[in-house]
Amino acid sequence: MRTPAEPELRLANPLARFALVVAVTLIGVVALGLTLLVDASNTFVRAFQPSSALMLPVAVVVGVIGVVFALDKALQVRRLERELAHERAAAELLARRVAMHTALEHATEPLEDALDDEIVLDAIIGRATELLGASEGALLLREHGDVLRVAAVRGTRAVMHSRRPSDLGPAGRAMREQRPVAERAEDGAQVWCAPLVHRGVALGVIECSTYRVAINTDLYALALFAEPAAAAIARAQIVATEREHVDELLTLDRMQRAFVSGIGHDLRSPLTALRGAAAGLRRTTDARTRDELLAVIDRQVERIASFVQELVDIGTTDGSFEAPRLDLPSVIRLLALDRAVAGRPVVVDAPERLDVVADVEAVRRMVSNLIENAYQHGAAPVQIRVWTDASRAIVTVSDCGPGISSEIRESVFAYAARGSSSFGSGHGMGLAIVRSLAETCGGTAWIDDAPSGGAAVSVSLRMRDVTTQEAAWTIDHVS
Amino acid sequence: MDHRSRVLIVDNDPDVLCSMRAIFDAEGYAVTLAADGSSARRVYEEHRPDAIILDIAMPVLDGWYFLAHLAGEVAPPPVIITALKAHPLDVARAKALGACDFFV
């Protein structure tokens, strides 16, 4: 912000002017006295015969009166000059403030309607540097851990997206103390920093710098500009949060639609087979064909029942399970026997004992789903490995199928995930249920490549820590 | 010699194949089955059916592959498409490739 050039007020050397006035007055008085004296001696004095001794005091008195009059006038002029100087200074200050507020109004104008955070940040730093006539500028936003991140820049002093600790430099000081700071940098540049505070919360700092001569109002103008700038940033952040929320809701809505569509698809397939089997039964008289069609009906009814059970599971896995102590390898071995009887043999590699905190039915359901998934979408032999890392017990079910490409590994855990041609076909909810159950038990589920080339789906569970085991042992033995 | 009309049914669901075969058998057709586009092409070359009932969504090579192959034939048999969902683009594509009907 620049103020127009004002003519300089001439207050210099008032004593010389005062002396000049006194001298002129004295010369005038002396001249008047001499004139009167000469004139009196030529005319009136001749008539009244006054003495020269009387005329001298008269002349002196008249001179003194003239001097006093001149002094008073000189003092009046001086006082008026001072008042004029004050008025001019006040007018200049007022003009500067008006110009500054006009510039501020112009600077904040684009911030009023902007809602996109990137546009707001760029507009703020652009207008701030323009306001101060600064060649460089950076808008730093506060991040977690009191780190300042450069979110918008002008010039080359600051690097976009770079971070700096908030306890360093004038920007850090402005942030900590929540007041504007002006400093001279090592390279001679003048640096101004103003905190961006909205409703008592420091959002960041505007930093501007230049090599020109600074004036006092620069920092004041930046501090004034920081207030609407902070409000604009807060508004943009709210809008961004709302947009994310809306995006999440839209994504959820799309997933729900896809899920419902998937349910329809999954039900339609067995219903088609059932409808065909019923039509065939009505037409055929061959006993063998009738048996085959009845078997079709049995299988498809079982398929629908299994599907409905999965839907019920989805509705019930949001609650929490009781999490008692559980010997994981024992549960896995018993389950492997069950699955072998059902035509799904698995190889178990597990330690003798490993206690975890999990619900036994949840573990059985998770591992059953993983085995079924390995047979449906992978290939035998299927292996179950029970192992531990630093703090977790992990169950990994691996197969020798084509594996699951890394691009779709996360998506197959979504409830709406559908089998693709590369991932076979199926309900697409088995792995979603596994992850949901694992998270309910305090763990999670993920997919890796198996050493055999197939998929290795793992579930982590919380191990019972030693202290808890000892406490349980003590309680058991005391009771 | 079998004088019945020959129908080729292509679907990857064995239960659907079983049901369809029972129905068409009962209606007096000679039925041949295929589980994907690749085997359908092989069976087609061998049996030259009078009509084809073709599922679209199948593993290995899908119904589109087989339908495109039939479109290149001089006098292909009538093809009825069966699908679990009928997107307008799929229906238009099937008609363009010579399918005579599209059932959902």
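**Exercise 1. Cysteines**

*Solution.* The structure is a predicted model, in which local features need pLDDT of at least 70 and side-chain atom pairs count only at pLDDT 80 or more, while totals for chains, interfaces and linings use all residues. Residues are numbered from 1 along each chain as its sequence is written, chains are lettered from A and ligands numbered from 1 in the order in which they are written, and side-chain values use heavy atoms, with hydrogens and water left out.

Take Cys208(A) as a case: the nearest cysteine sulfur belongs to Cys193(A) and is 8.3 Å away, and Cys208(A) is in no disulfide. For the surroundings, use the rule that buried means under 20% relative accessible area, exposed over 50%, and partly exposed in between, with a 1.4 Å probe and protein chains only. Cys208(A), with a relative accessible area of 1%, is buried, and Cys18(B), with 12%, is buried as well.

**Exercise 2. The makeup of chain A and its largest core**

Describe the secondary structure of chain A, and find the residues that touch the most other members of the largest nonpolar core.

*Solution.* Of its 479 residues, 37% count as buried. Next consider contacts, meaning heavy atoms within 4.5 Å; among those in chain A between residues at least 6 apart in sequence, 62% join residues at least 24 apart.

Now turn to the core, which is a set of buried Ala, Val, Leu, Ile, Met, Phe, Trp, Tyr and Cys residues joined through side-chain atoms within 4.5 Å. The largest has 39 residues, and Leu328(A), Val363(A) and Leu461(A) touch the most other members. Elements of chain A that give two or more residues to this core include α8 (328-341), β10 (382-388) and β13 (455-463), but the greatest contribution, eight residues, comes from α9(A). Leaving aside residues up to four places away in sequence, Leu328(A) touches Leu354(A), Val356(A), Val363(A), Val386(A), Ala393(A), Val395(A) and Leu461(A). Apart from this core lies another, of 35 residues, and Cys208(A) from the previous exercise is among them, as are Met100(A), Leu219(A) and Ala226(A).

**Exercise 3. Salt bridges within the chains**

Where in chain A do the two partners Asp116(A) and Arg243(A) lie?

*Solution.* Start from the rule that a salt bridge is a side-chain nitrogen of Lys or Arg within 4 Å of a carboxyl oxygen of Asp or Glu; the whole structure holds 22 of them over all chains. In one of these, the side chains of Asp116(A) and Arg243(A) meet at 3.8 Å, N to O. Asp116(A) lies in the loop between α3 (52-113) and α4 (117-132), whereas Arg243(A) is in helix α6 (residues 217-283), so that the pair, 127 residues apart, links distant parts of the chain. Asp116(A) counts as partly exposed at 27% relative accessibility, and Arg243(A) likewise at 42%.

In chain B, Arg48(B) and Glu73(B) form a salt bridge at 2.9 Å, N to O. This pair too links distant parts of its chain, 25 residues apart, with Arg48(B) in the loop between α2 (37-47) and β3 (51-55) and Glu73(B) in the loop between α3 (63-71) and β4 (79-82). Finally, Glu143(A), Arg149(A) and Arg163(A) are linked in a network of salt bridges.

**Exercise 4. The contact between the chains**

How many residues does the contact take from chain B, and how many from chain A?

*Solution.* The contact takes 13 residues from chain B and 19 residues from chain A. Then consider buried area, the accessible area (1.4 Å probe) that two parts lose on being put together, summed over both: the two chains bury about 1300 Å² between them, 60% of it on carbon and sulfur atoms. Last, look at the charged side chains, where the rule finds four salt bridges across the interface. Arg299(A) and Asp15(B) also meet through their side chains in a salt bridge, at 2.5 Å, N to O.

Terms used:
Helix = DSSP H or I, 4+ residues; strand = E, 2+ residues; numbered from the N terminus. Disulfide = S-S within 2.5 Å.
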